[in-house]
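Subject: Structure for you to look through

Dear colleague,

I am passing on the structure we spoke about, and below it I have written out what was found. Please keep the viewer open while you read, so that you can follow each residue as it comes up.

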Amino acid sequence: MFKETFSSQLTEQGILISDHQLHQFNLYYKLLVEWNEKMNLTAITDENDVYLKHFYDSVSAAFYYSFEGEKHLIDVGAGAGFPSIPLKILFPQLNVSIVDSLKKRIGFLEHLVSTLGLKKVSLYHDRAETFGQNKRFRESFDIVTARAVARLSVLSELCLPLIKEGGDFLAMKASGGVTELDDAKKGIEILGGEIKGDYSFNLPIEESERHIIHITKVKKTPKKYPRKPGMPNKTPL
C-alpha cells in the first residue's frame, strides 16, 4: 500500500512532510477522482497508484534539485497539476505559475488551488507557443517544469524561452528519456540551453524507469522561438 508509505519514502529522500501537507495530498486525491468523473484528467484513479505515479513521481524532481527559497516556477502543460502542485504543497514558499491550453483543466486547477488553500499560484489558459512570446512572461522564470507533455525536442522550444539566463528547465521523462535527449541536443543549443545532467531512478514498487533531464539557460533564446502554435511539434528543431 504505497499511500501508507508515502511519508516514509519522502523522508528517505531527505524531505519531511507535515500532517497538514499529508491532508492536502489527501484532498488533492479526492478532488482529482471527483472531477475525473466529469472530465478526462487522468487514467490513473486507484489511490495507491495516484500517490506513486502522480504525487511521488512529481516530487521526485526535489531529490535532485533544490526548490528552497522564493523561486518562480512555471509548469508547462500541467494537466491536472503535475508536477507543480505536489511540489507547491511540499515547498509552499514557491511562486508557481501554470499554463495549459484547455480551459476545463484550468477550471479544475482553480478549484484545487482554492480548496487546498495554496497561495502564490497563478493559472493561465494559453498555448505554450503564444505564452512564450508574451513579453510579460518571456525569460522571467527561475525554473520551468514539464512532465509527460511532448518529446524533449518539442518541449525545449516551448520551455526554454520562458527561463531567465541562469535558470533551469527540468523535463520529467520515462524510459525514453535518453533517446529523446540525443534527438534534442541540437535544438537545446539553438535555444540557449546547456545540458547539466540526466538523473535516472526507478519508481518504488513497480520499478519503472524515470529520468529528470536538467537543462540550464546559458544565453538568451532567439526572438523567433517559440514558433507559431503547432510548428514546434510539426517540425522540431
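Is Ser 60 buried or exposed? Before the answer, please bear in mind that this is a predicted model. Ser 60 has a relative accessible area of 0%, and because buried means under 20%, Ser 60 counts as buried. This residue sits in the loop that runs between helix 3 and strand 1 (72-76), and, leaving aside residues up to four places away in sequence, Ser 60 touches Met 172, Phe 201 and Ile 212.

The next topic is how the helices pack. Two packed helices are described by the angle between their axes and by the distance between those axes. For helix 2 (residues 19-36) and helix 5 (residues 103-116), the angle is about 150° and the axes are 10 Å apart. Since an angle over 145 degrees counts as roughly antiparallel, helix 2 and helix 5 are described in that way, and their crossing is right-handed. On the side of helix 2 the contact is made by Gln 24, Leu 27, Tyr 28, Leu 31, Leu 32 and Trp 35, while helix 5 brings Gly 107, Phe 108, His 111, Leu 112, Thr 115 and Leu 116. Sorted by class, this contact of helix 2 with helix 5 holds eight nonpolar residues, four polar ones and no charged ones.

Helix 2 also meets helix 3, where the two axes come within 11 Å and cross at roughly 110°, which makes helix 2 roughly perpendicular to helix 3. Here Leu 22, Phe 25, Asn 26, Tyr 28, Tyr 29 and Leu 32 of helix 2 meet Glu 47, Val 50, Tyr 51, His 54 and Phe 55 of helix 3, and by class the contact has eight nonpolar, two polar and one charged residues.

Some of these names return in the largest nonpolar core, which has 50 residues, and in which Phe 6, Leu 10, Tyr 28, Phe 55, Phe 67, Ile 85 and Phe 108 touch the most other members. Among the elements that give two or more residues to this core are helix 1 (2-12), helix 2, helix 3 (47-59), helix 5 and strand 5 (163-173).

With best wishes

How values were computed. Residues numbered from 1 in each chain as written. Predicted model: local features only at pLDDT ≥ 70, side-chain atom pairs only at ≥ 80, totals over all residues. Heavy atoms only, no water. Axes fitted to C-alpha atoms, helices over the stretch in contact; angles between N-to-C directions. Helix = DSSP H or I, 4+ residues; strand = E, 2+ residues; numbered from the N terminus. Parallel < 35°, antiparallel > 145°, perpendicular 65-115°, else oblique. Left-handed = near helix turned anticlockwise from the far one by under 90°. Contact = heavy atoms within 4.5 Å. Nonpolar A, V, L, I, M, F, W, Y, C, P; charged D, E, K, R; others polar. Core = buried A, V, L, I, M, F, W, Y, C linked by side-chain atoms within 4.5 Å. Buried < 20%, exposed > 50% of the residue type's maximum accessible area, 1.4 Å probe, protein only.
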